[in-house]
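Open the model in your viewer and colour it by secondary structure.

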Amino acid sequence: MACILHIETSTNVCSVAVSEDGQRIFDQVERGGMSSAEKLGTMVDEALSFTDSHAIPFDAVSVSCGPGSYTGLRIGVSMAKGICYGRDLKLIAVPTLEVLCVGPLLGEKIPEGALLCPMLDARRMEVYAAVYDRALKPVRDVQADVVTADTYKEWLDRGSVCFFGNGAAKCMEVINHPNALLIEGVEPLAKWMQPLAERRFLNEQFEDVAYFEPFYLKDFVAKMPKKLL
């Protein structure tokens, strides 16, 4: 297995975790709004000091790669790349919407056969969302959605769909389908990156540290039809 530093800054919640051989050994979360990202350096320093004091060498850094806040992702990725350069470590990118799915999969009683729809808030009735099965295989890739009663009807008509993330609650009245289930309080956190990052490490799915860039929300907005903007 490996020792991996995890960094999550895609929303107004900033978090850092460290996992070693499949176990989480360090975890910090800051819910201070946009200013929380300013504390990332201190949190990372504490994580590095912890591992150094226990003589635990890092193998890689994983970072949430979006979609998400431009400022948050930029700060998180810059920090991750700097550590990779300084310590000659591998860089692992973990999609934010997959990170959102881990908490519900581990802690909620999700109906058998239900699909997962993590949502990040944009504006008005717009969200950035994807649809996954329980194995986190994409059923529908990440898109910028203007949510209506028909947006997810194709999947809702087949069975249960769990909606969660900071863009989900506002959409439930509009979706208004008996198979739509809301899971509240789900955040993208560094500790949930562990299984996703470890799988990518074992599969040697590493990023080029010099050229890697995250997926900013603006990248999805640019691809939206003009009539939806």
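Two strands count as paired if DSSP finds at least two bridges between them. Helices (H or I, at least four residues) and strands (E, at least two) are DSSP runs, numbered from the N terminus. This is a predicted model: local features need pLDDT of at least 70, side-chain atom pairs count only at pLDDT 80 or more, and totals for chains, interfaces and linings use all residues. Residues are numbered from 1 along each chain as its sequence is written, and side-chain values use heavy atoms, with hydrogens and water left out.

**Stop 1: a sheet.** Select β1 to β5. These five strands form an open sheet in the order β3-β2-β1-β4-β5, with mixed pairing. At the edges are β3 (23-30) and β5 (90-94), each pairing on one side only. From one strand to the next, the twist averages 15 degrees. Angles run from 0 to 180 degrees between N-to-C directions, and axes are lines fitted to C-alpha atoms, for helices over the stretch in contact. Now pick β4 (residues 60-64). It pairs with β5 in the parallel sense over five bridges. Ala 60 stands opposite Lys 90 in β5.

**Stop 2: a helix pair.** Show α1 (residues 40-53) and α2 (residues 70-87). They pack at about 30 degrees, with axes 11 Å apart. From α1 come Leu 40, Gly 41, Val 44, Leu 48 and Asp 52; from α2 come Ile 75, Gly 76, Met 79, Ile 83 and Arg 87.

**Stop 3: another sheet.** Select β6 to β10. The order is β8-β7-β6-β9-β10, again open and mixed. β8 (138-146) and β10 (180-182) are the edges; each has a single partner strand, so one side of each lacks a neighbour in the sheet. The twist averages 20 degrees from one strand to the next. β7 (residues 126-132) and β8 pair in the antiparallel sense over six bridges. Glu 126 stands opposite Val 146 in β8.

**Stop 4: the largest pocket.** A pocket is an open set of points, on a 1 Å grid over the protein atoms alone, where a 1.4 Å probe fits, with protein on both sides within 12 Å along at least five of seven lines; lining residues have an atom within 4 Å of a point. Which residues lie nearest the centre of the largest pocket? Select Pro 95, Glu 98, Tyr 132, Asp 141 and Val 142, out of 13 lining residues. β8 gives the most to this lining, with four residues.

Notes:
Contact = heavy atoms within 4.5 Å.
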